[in-house]
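Please look over the chain shown here before reading the briefing that accompanies it. The notes are grouped by topic and are meant to be read alongside the coordinates.

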Amino acid sequence: SIITMATRILPLELIDKAIGSKIWILMRGSKEVVGTLRGFDDYVNLVLDDAVEYTPDPNDNSKFIKKELETEILLNGNQIAILVPGGNGPPEDSLAAGGAS
């Protein structure tokens with residue numbers, strides 16, 4: 001029988017494949033950012049276009065504020081917790097979309 005092995009991919013290779021496409025980023029703390037990945041470096045600092053930031057509403061923790069960022073942005077890799085290549089952002093029932101906790 002033929003044994004197939006999964007192709008091994010390094011983290012920076014995965015990020016490289018996401019250049020030019022949407023990426024969903026969960027930051028340390030409770031911010032989330034969705035945007036088009038334009039570039040990155042070895043420290044996973046990211047350059048994004050067409051970004052949208054989701055932050056908790058200070059008056060109501062069950063709601064989030066959606067803010068369109070109208071310029072190219074640089075995210076510090078030290079503040080990134082999770083990257084979701086191809087992600088279009090939080091699902092409608094998530095905290096970032098204002099769902100129940």
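This is a predicted model: local features need pLDDT of at least 70, side-chain atom pairs count only at pLDDT 80 or more; totals for chains, interfaces and linings use all residues.

Of the 101 residues in the protein chain, 34% are buried. Among the contacts in the protein chain with a separation of 6 or more, 47% are between residues 24 or more positions apart.

**Surface and cover**

- The protein chain has an accessible surface of about 7,000 Å², and carbon and sulfur atoms account for 51% of that area.
- Strand E2, which spans residues 32–40, is largely enclosed by the rest of the structure because seven of its nine residues are buried.
- Strand E3, covering residues 46–57, is mostly covered as well, with nine of its 12 residues counted as buried.

**Pairing of E1 with E2**

- Strands E1 and E2 run antiparallel to one another and are paired over five bridges, and within this pairing Leu-26 is found opposite Glu-32 in E2.
- The two strands form a hairpin with four residues between them, and in its turn Gly-29 has a positive phi of about 90°.

**Pairing of E3 with its partners**

- E2 and E3 are antiparallel and are joined by seven bridges, with Glu-32 standing opposite Tyr-54 in E3; Glu-32 is also the residue of E2 that Leu-26 faces.
- The hairpin of E2 and E3 has five residues between the strands, and Val-44 in this hairpin takes a positive phi near 60°.
- Strand E4, residues 60–68, pairs with E3 in the antiparallel sense over six bridges, and Asp-57 stands opposite Asp-60 in E4.
- The hairpin formed by E3 and E4 has two residues between the strands.
- Strand E5, residues 73–75, is likewise an antiparallel partner of E3, in this case over three bridges, and Leu-46 is placed opposite Leu-75 in E5.

**Thr-36 and its surroundings**

- Thr-36 belongs to strand E2, and this residue counts as buried because its relative accessible area is 8%, which falls under the 20% cut-off.
- Leaving aside residues up to four places away in sequence, Thr-36 touches Gly-20, Ser-21 and Lys-22, and also Val-47, Leu-48, Asp-49 and Asp-50.
- One of these contacts, Asp-49, is itself a partner of Arg-38 in a salt bridge.

**Salt bridges**

- Side chains of opposite charge can pair when their charged atoms come close.
- The structure holds three salt bridges.
- The side chains of Glu-53 and Lys-31 meet in one of them, with a distance of 3.5 Å from N to O; this pair links distant parts of the chain, since Glu-53 lies in strand E3 and Lys-31 in the loop between strand E1 (22–27) and E2, 22 residues apart.
- Within that pair, Glu-53 is buried because its relative accessible area is 16%, under the 20% cut-off, whereas Lys-31 counts as partly exposed at 39% relative accessibility.
- Another salt bridge is formed by Arg-38 and Asp-49, whose closest N and O atoms are 2.7 Å apart; here too distant parts of the chain are linked, with Arg-38 in strand E2 and Asp-49 in strand E3, 11 residues apart.
- Arg-38 is partly exposed at 40% relative accessibility, while Asp-49, at 19%, counts as buried because that value is under the 20% cut-off.
- Lys-63 and Asp-60 also bring their side chains together in a salt bridge, at 4.0 Å from N to O.
- Both partners in this pair count as partly exposed, Lys-63 with a relative accessible area of 47% and Asp-60 at 27% relative accessibility.

Notes:
Residues are numbered from 1 along each chain as its sequence is written. Side-chain values use heavy atoms; hydrogens and water are left out. Buried means under 20% relative accessible area, exposed over 50%, partly exposed in between (1.4 Å probe, protein chains only). Contact means heavy atoms within 4.5 Å. Accessible areas come from the Shrake-Rupley method with a 1.4 Å probe; for residues, only the protein chains shown count as cover. Two strands pair if DSSP finds at least two bridges between them.
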